[in-house]
Amino acid sequence: MRLRPMPVVMISTLTHRGSRAALEALSLGAVDCVGKPEHGGFDEAFEYLPDLLLAAANARLGAGGQKSGLKPPEEFRWNGRSVFIGSSTGGVDALETLLTGFPQNCPPTLITQHMPASFLSSFAARLDPRIAPSLKLAETGDPLLPGRVYLAPGGDYHLTVVGDDQPRCKLSAGDKRSGHRPSVDIMFESALPIAERSIAVILTGMGRDGAEGMLALRRSGALCIVQDEATSVVYGMPRVAMENGGAEAAFPLQTISREILKLAEKRPTSAASEALG
């Protein structure tokens, strides 16, 4: 990869060892990893492999640059807004870069990343000690509190949010949406009751998952941003969100954590509305 960078899609077994290998491959520059089931189910597991190979052929290798996100601010005062992040192809590095810019008392954050459940478990264990806030796989009943980052566990469940006065996580069983479980659209749509206290973010990824949900959130009062084309490995999900009007602005990966914190920081009301202008 150092001498002759080329798009790599890794196919890894859904075992603990395979999950660790998959994350190592992604860290070294692989575009994406596909889970290989141990006992049958190959048709479903590889259903989107042709699309992924086509996306990888056009991927921007090293688009996000080195993990050079901003350092967390020394002071942060939360204004009550929760953050909902969707990501897919290229999202492992993107999420690490973004979250390293979050302070220990960051806004409550829910993340849906398209990956097999075993990969997500290893990803959470790998990422938690590398960032200031606490990160874990979401469980039903987890409260949305400052300093907490919840990652969708995938498998049979979508990550959603329930409750108005005291929002909390809920794992919801259901069919795939836009070919994915967990689905970004389903997470975004669950946040509609608290849209005016929400920030929606879409990072690099293939397809269009999240664009419709982001548009619904924006129409209901949420602040919505995406990763820009230049730093996206695959400018699919963010592009659709920009084209359909769901996203208000696009920012480089290296600065997107700062932009999120601006929107989630306590300050005069007029300043929040002007932050995207």
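Which residues of the largest nonpolar core touch the most other members? Of its 40 residues, these are Ile-85, Leu-98, Leu-99, Val-201, Leu-203 and Ile-256. Helix 9 (residues 253-264) supplies the largest share of this core, six residues. Apart from it lies another core, of 28 residues, including Cys-169 and Cys-224. A nonpolar core is a set of buried Ala, Val, Leu, Ile, Met, Phe, Trp, Tyr and Cys residues joined through side-chain atoms within 4.5 Å. Buried denotes under 20% relative accessible area, exposed over 50%, and partly exposed in between (1.4 Å probe, protein chains only).

The model is predicted: local features need pLDDT of at least 70 and side-chain atom pairs count only at pLDDT 80 or more, whereas totals for chains, interfaces and linings use all residues. Residues are numbered from 1 along each chain as its sequence is written, and side-chain values use heavy atoms, with hydrogens and water left out.

Helices (H or I, at least four residues) and strands (E, at least two) are DSSP runs, numbered from the N terminus. Helix 1 (residues 16-27) buries Gly-18, Ser-19, Ala-22, Leu-23, Ala-25 and Leu-26. These residues cover an arc of only 155° around the axis, which puts them on the same side of helix 1; the arc is that of the directions from the helix axis to the C-beta atoms. The face turned away from the buried side carries the exposed residues His-16, Arg-17 and Arg-20. Just after helix 1, Gly-29 takes a positive phi of about 120°.

Ser-12, in strand 1 (residues 9-13), is buried at a relative accessible area of 4%. Leaving aside neighbours within four places in sequence, Ser-12 is in contact (heavy atoms within 4.5 Å) with residues including Gly-18, Ser-19 and Ala-22. The side chain of Ser-12 reaches the backbone oxygen of Gly-18 at 2.7 Å.

**Salt bridges**

The whole structure holds 11 salt bridges, each a side-chain nitrogen of Lys or Arg within 4 Å of a carboxyl oxygen of Asp or Glu. Three of them are tabulated.

| Pair | Closest N and O atoms |
|---|---|
| Arg-130 and Glu-96 | 3.4 Å |
| Lys-262 and Glu-259 | 3.8 Å |

Arg-130 lies in the loop between helix 5 and strand 5 (134-137) and Glu-96 in helix 4, so the pair ties together parts that are 34 residues apart in sequence. Arg-130 is partly exposed at 43% relative accessibility, whereas Glu-96 is buried at 6%. Glu-243 and Arg-239 lie four residues apart in helix 8 (residues 237-243), about one turn of the helix.

Note on methods:
Polar contact = N/O pair within 3.5 Å; in protein donor to acceptor, adjacent residues only side chain to side chain.
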